[in-house]
Structures are given as structure tokens and as C-alpha cells.
Amino acid sequence: MMPRIRIAHLPTPIEPLPRLGAVLGGIKLWVKRDDLTGLAGGGNKIRKLEYVLAEAQANGARTLITVGAVQSNHCRQTAALAARYGLGCILILSGEKEVSPSGNLLLDRLFGADIIFCGAEARDQVIQKVFEETWSAGKRPFLIPLGASTPIGTVGYLTAFEEFLAQEVDVDWIVVASSSAGTQAGLVLGALKTRWKGKILGISIDQPAADLQQRVAGLVNETAERIDLKVRCRPEEVMVNDEYLGKGYGIPSPQEIEAIRLFARYEGLLLDPVYTGRAAAGLLDLIRKGFFKPQDRILFWHTGGTPALFAERYRSLLGG
Ligand SMILES: *Cc1c(COP(=O)(O)O)cnc(C)c1O
């Protein structure tokens, strides 16, 4: 058994989406509510962090260092976890600094994280420097890579897949936002381990399909090795769609705004403007294009991110 701390509110519910399904022509839809994992606004990262924090503790960590975008949900969840466990937290954020913090960044500050802004190019050097300084200061840093998508973090989504199976909601498809690959890799590993018959489709948030397939398969294999599972995965077996990258990371398209509105107006559900909005826009487009069979049952795996809805930069887009 992989060491784990228990902090997420699990199992997260699976709920039907009858009104949204009806408006989309009678398709059978469910949602897995990982926006309700509990800590500090919820989201998918806490499932990975339950394992990564146990690893950090075993290493004697007293300060967590991690990286992400300015509106990173992963950084917000890490900062909250650090607060909860009495650890220091340093966030290295790339992107435009916000004059008055909002959304996730506001929450990072509230959790008492130290925040360093840097350009994406300089990031690796900054990480190195901050790590060494923190070490020299005797604060025992532990570096959590982007999205906590390490083989150990990925176990969080293997466990999540097993949780989903135990909930006995039979579906043919899981559709999920995919970026640093740990979430999809954990689900794919779970499906391989249990010989699940359904399909897992990752909607790429920020990279070409070939790159993401490679990352997911790589993480599946590294994780499997780590926990002595005999399954292996090739990149071409990983289903990824990269048709919804639009103008890039964190820039919502009109289709994404529409998806966010539809989930809100038909189901009272909140998506986010970076990840789940993009994945839902992809899902809606694929449904409308007839990609799925009419009788297919589809589970949309909600990965959280709703605090970003309240980021200043999205206000004019969403408020109209
Ligand atoms: C990080 C994140 C994802 C992507 O998960 P990965 O494991 O990085 O692929 C999806 N949705 C939300 C809301 C996220 O914060």
C-alpha cells in the first residue's frame, strides 16, 4: 500500500444530468463531482496530493514548493494543504501578475503562501534557486512538480477510478480535461487494472494530442512499475482529442463560455474557464457532431477549478 494522508471528502458523488442530456438530444449524461473533494474549493489535485504529501512527510519536508499558472488550482490546493499541516508553502507562478489578486491567487494569499512570479522560460532556474535557498535556510523544502503529476500523485486517480467502479454507475465513456496528464493516467491505469470495458477520452487543454498521449502512457507505465502492476500502455492506446485548444491555455473560446452557461442554466453546475469549460465544450461539440452513439452513456469527470470563475480576467467574458 502506498502511504497516503486522508483529507479529501470521498467518495465524491456521481449525479445524472437529465436536463442537459435532454437539451442535447436525449443523450445519457452523468457527472463525477471532483469539484467537491472538499479542501479549499475542491478539485482534482487533492487526490494526488494525498499521496504526494505522505511522500513529502516521509522526506521530512517542512516547506512545499510548487509551480503553476497565476490561476493554478493545483497551487491553491497545495497552499491550503500546507496551511492545514503547518508547513511552509512557496508558489512559483508563471504568467501575468495580477495587480489586485482575485480567484485562486487571492486564495493562495489567504492561505499564507509565499508567491514568486516568473516568466515561463526562467521557471526551471527559479525553482532550482528557490529550492537551494530554502534548503540553506534549514526549511527542508520538498518540490512538487507541475500538477502533482508524478507516479506517486497518479495513484490518486487510480484510487479514484476504483471509487467510481464501486459506485456502480455503468457508463461507456469517461470524458475528462487533461493537461499535466496525472488525472488521465490514473484513470487509464485503473481501467487497465480492472479490465474496464469503457473508454476514457481526455480533452487536451494545452498541447498536441501526440505529446499528451506520450505523457499519459509514460506516467501509466511508471506508476504501474512503482506499484508492481503488470499492465503496460502504449501512447496510441490513450484517447486524446486536441481540437479544442483554441487560442491557448486560459483563453476561453465562445464555445467554452456557452458550455459554462449551459451547465449552469440547465443543471445549476459550475464549471471553470480554463479546464472543465474547455473539456465540456469539447464534449458538447462531439455530441452534436454524432461522435458518440445515441445509446452511449457518458460520464463527464468534473475536475474542479471553480475559484477561477471569480478571477478578474474572466469577469467581462462570463458576466455578459
Ligand atoms: C489541473 C487540472 C486539470 C488537469 O489535470 P491533470 O492531472 O493536470 O491533467 C483539470 N481540471 C482542473 C480544474 C485542474 O485544475
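In this tour, Ala, Val, Leu, Ile, Met, Phe, Trp, Tyr, Cys and Pro count as nonpolar, Asp, Glu, Lys and Arg as charged, and the others, Gly among them, as polar. The model on your screen is predicted.

**Stop 1: the two domains**

Select 14-44 together with 150-318. This is domain 1. Now select 45-148, which is domain 2. The centres of domain 1 and domain 2, taken over C-alpha atoms, are 24 Å apart. Look where the colours meet. Domain 1 puts 30 residues into the contact, and domain 2 puts in 27 residues.

**Stop 2: the largest pocket**

Next, find the largest pocket. Its volume is about 540 Å³. Which residues are closest to its centre? Select Leu 146, Ser 179, Asp 206, Tyr 249 and Tyr 275: of the 34 residues in the lining, these are the closest.

Now show the elements around them. Helix H2 (45-58), strand S3 (63-69), helix H3 (73-85), strand S7 (173-178) and helix H7 (182-193) each give two or more residues to the lining of the largest pocket. Sort the lining by class and you get eight nonpolar, 20 polar and six charged residues. Keep your domain colours on. Domain 1 and domain 2 each supply at least three residues of this lining.

**Stop 3: two packed helices**

Two packed helices are described by the angle between their axes and the distance between the axes. Select helix H9, residues 254-267, and helix H10, residues 276-288. They pack at an angle of about 90°, and their axes lie 8 Å apart. Angles of 65 to 115 degrees count as roughly perpendicular, so H9 and H10 are roughly perpendicular to each other.

Show the side chains. On H9, the contact uses Gln 255, Glu 256, Glu 258, Ala 259, Ile 260, Leu 262 and Phe 263. On H10, look for Gly 277, Arg 278, Ala 280, Ala 281, Leu 284 and Arg 288. By class, the contact of H9 with H10 has seven nonpolar, two polar and four charged residues.

**Stop 4: two backbone details**

Most residues other than glycine have a negative phi, and most peptide bonds are trans. Here are two places to check against that.

Go to Leu 10 and Pro 11. A cis peptide bond joins them, with omega about -5°. Pro 11 sits in the segment before strand S1 (14-16).

Then jump to Arg 140. Where is Arg 140 placed? Arg 140 is in the loop between helix H5 (123-136) and strand S6 (141-144). Arg 140 is not a glycine, yet its phi is positive, about 40°.

Terms used
Residues numbered from 1 in each chain as written. Predicted model: local features only at pLDDT ≥ 70, side-chain atom pairs only at ≥ 80, totals over all residues. Heavy atoms only, no water. 1 Å grid on protein atoms, 1.4 Å probe; cavity = no way out; pocket = protein on both sides within 12 Å on 5 of 7 lines; lining within 4 Å. Points joined across faces, edges and corners; volume = space filled by probe spheres on them. Helix = DSSP H or I, 4+ residues; strand = E, 2+ residues; numbered from the N terminus. Domains from an automatic or database assignment. Axes fitted to C-alpha atoms, helices over the stretch in contact; angles between N-to-C directions. Parallel < 35°, antiparallel > 145°, perpendicular 65-115°, else oblique. Contact = heavy atoms within 4.5 Å.
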